[in-house]
Amino acid sequence: MGSPFGAMDFRRTLGQLPTGVTVITTVGSYGQPVGMACNSFMSVSLDPPLVLLCVGNTSSTLIDLQRSGRFCANILASSQAQLCRQFSVKGIDRFAGVPWTESAAGPELTESIAWVSCAIESEQDAGDHVVIIARVTGLRVNEDEPAPLVFHRGRFGSLSEASEPLAATGAAPRPVTGGGVRTPSGSPGTVL
Ligand SMILES: Cc1cc2nc3c(=O)[nH]c(=O)nc-3n(C[C@H](O)[C@H](O)[C@H](O)COP(=O)(O)O)c2cc1C
């Protein structure tokens, strides 16, 4: 790695940060559905609406993403842990047994929490990954609001309820990218 620590230390330390999980889908060169599990998806900017994800530079999905220039980020529900595993395995039909519907950006996996349609705007090589920045072209939330799938320390879990409000002081919160709120700097706040 050329660093004062090993890959295991890097993975173990960064794995302390819980994330949600997405499946990034697009349309392959023969019109076939393509997708991969991805927990590096996040919001970047509200105006214009931008998101990013980091894709391994040996990923076969990367080639399809670059060719199509668009994708759908399917934000996974806690019931989709097995589906997520399936979308990280090479050499199988990842869509086998998975209900999905077509959309212009890429397949929408039916039981997801939300679907974010994106058009790629730029790419940046970053070590063994490529950072993709994309503009959000469409949004949809699952009105059933299922609990999210959480990835932490290399394991899947769930967050049944985020009950602690971010604004803990009673001061007026201000909107932030991603639809949440931010407390004034220095004030205590708990993010679940
Ligand atoms: C929970 C989870 C999160 C992942 N996040 C990413 C990610 O952010 N970027 C990435 O390149 N691979 C990520 N992967 C690994 C890819 O899904 C995996 O390498 C997949 O085989 C890539 O497929 P491809 O080579 O067909 O593109 C993740 C896997 C799992 C299980």
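Which glycine takes a positive phi just after helix 2? Glycine 69 does, with a value of about 75°. Helices (H or I, at least four residues) and strands (E, at least two) are DSSP runs, numbered from the N terminus.

## Model and overall composition

This is a predicted model, in which local features need pLDDT of at least 70 and side-chain atom pairs count only at pLDDT 80 or more, while totals for chains, interfaces and linings use all residues. Residues are numbered from 1 along each chain as its sequence is written.

The secondary structure of the chain comprises 3 helices and 14 strands. Of its 192 residues, 23% count as buried. A residue is buried if 20 or more other C-beta atoms lie within 10 Å of its own, exposed if 12 or fewer, and partly exposed in between, with C-beta atoms placed from the backbone. Two residues are in contact if their C-beta atoms, placed in that way, lie within 7 Å. Among contacts between residues at least 6 apart in sequence, 58% join residues at least 24 apart.

## Helix 2

Thr61, Asp64 and Leu65 are the buried residues of helix 2. Seen down the helix axis, the buried residues fall within an arc of 100°, so they line one face of helix 2; the arc is that of the directions from the helix axis to the C-beta atoms. Ser60 and Arg67 are exposed on the other side of helix 2. The cover over the buried residues of helix 2 includes strand 2, strand 3, strand 5, strand 6, strand 9 and strand 10.

## Nonpolar core

A nonpolar core is a set of buried Ala, Val, Leu, Ile, Met, Phe, Trp, Tyr and Cys residues joined through C-beta atoms within 7 Å. The largest such core has 28 residues, of which Val23, Ile24, Cys38, Phe71, Ala73, Leu76 and Cys118 touch the most other members. Two or more residues each come from strand 2 (22-27), strand 3, strand 5, strand 6 (70-75), strand 9 (114-126) and strand 10 (129-141). Strand 6 gives the largest share, 4 residues.

Leaving aside residues up to four places away in sequence, Leu76 touches Val21, Thr22, Val23, Cys84, Ser112, Ile113 and Leu149.

## Strand pairing

Two strands pair if DSSP finds at least two bridges between them. Strand 6 and strand 9 run antiparallel and are joined by 6 bridges; alanine 73 has valine 116 in strand 9 as its bridge partner. Strand 9 also pairs with strand 10 in the antiparallel sense, over 12 bridges, and aspartate 125 is partnered by valine 130 in strand 10. These two strands form a hairpin with 2 residues between them, and glycine 127 in the turn has a positive phi of about 60°.

An open sheet of 3 strands has the order 1-11-12, with antiparallel pairing. Its edge strands, strand 1 (19-20) and strand 12 (155-158), each pair on one side only. Between strand 1 and strand 11 (residues 149-152) there are 2 bridges, and glycine 20 stands opposite valine 150 in strand 11.

## Ligand surroundings

The shell around the ligand holds 16 residues, with Ser40, Gly56, Ser59, Thr61 and Ser88 coming nearest; a residue is near a molecule if its C-beta atom, placed from the backbone, lies within 6 Å of it. Strand 3 (33-38), strand 5 (50-56) and helix 2 (60-68) each supply at least two residues of this shell.

By type, the shell divides into 8 nonpolar, 7 polar and 1 charged. Here Ala, Val, Leu, Ile, Met, Phe, Trp, Tyr, Cys and Pro count as nonpolar, Asp, Glu, Lys and Arg as charged, and the others, Gly among them, as polar.
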